[in-house]
Amino acid sequence: MLVTFSSKAGADILMLSQHAKPLLQIMGKLEGAELTVRGVFMPEHMDQTIGKLEQAIALAPEPSDDDEDAPKDPIARQVGLRQRAFPLLDLLRKAKEKNHPVLWEASSPW
């Protein structure tokens, strides 16, 4: 399933639900394992939301390239939380600056 994050402050961000769920849990928008159909990050709560995400990024270990068994091809390397969250964090910051909400919506699972 695809999750779309959108705001008038910037371009839409598309993310697979398996990658969006942990980010939504970190930011306090997802209770349990089920992804709700849609939600919103309001401008008045943006500082708290951004803070939660930044704190999680600071505490998360980054994938290491030092492992000899790790794939050498950049396409096969693991993506860390910092890389995964960067586009969303950027959109949240822009939305805060322009005082716009950020909406998210899950597509139908067909």
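Modeller: Start with contact: heavy atoms within 4.5 Å. Ser17 touches Met1, Val3 and Leu35, not counting residues up to four places away in sequence. This is a predicted model, where local features need pLDDT of at least 70, side-chain atom pairs count only at pLDDT 80 or more, and totals for chains, interfaces and linings use all residues. Residues are numbered from 1 along each chain as its sequence is written, and side-chain values use heavy atoms, with hydrogens and water left out.

Biologist: Is Ser17 buried or exposed?

Modeller: Buried means under 20% relative accessible area, exposed over 50%, partly exposed in between (1.4 Å probe, protein chains only). Ser17 has 12% relative accessibility, so it counts as buried. Ser17 lies in helix H1. Helices (H or I, at least four residues) and strands (E, at least two) are DSSP runs, numbered from the N terminus.

Biologist: What does Thr49 contact?

Modeller: Thr49 sits in helix H2. Its relative accessible area is 7%, so Thr49 is buried. Leaving aside neighbours within four places in sequence, Thr49 is in contact with Met27, Phe41 and Leu92.

Biologist: Which residues of H3 are buried?

Modeller: Leu81, Ala85, Leu88, Leu89, Leu91, Leu92 and Ala95. Their cover includes strand S1 (2-7), helix H1 (17-26) and helix H2 (46-59).

Biologist: Where is the kink in H3 centred?

Modeller: The bend at a residue is the angle between axes fitted to the seven residues ending there and the seven starting there. In H3, a kink of about 40 degrees is centred on Pro87. Just after H3, Asn99 takes a positive phi of about 60 degrees.
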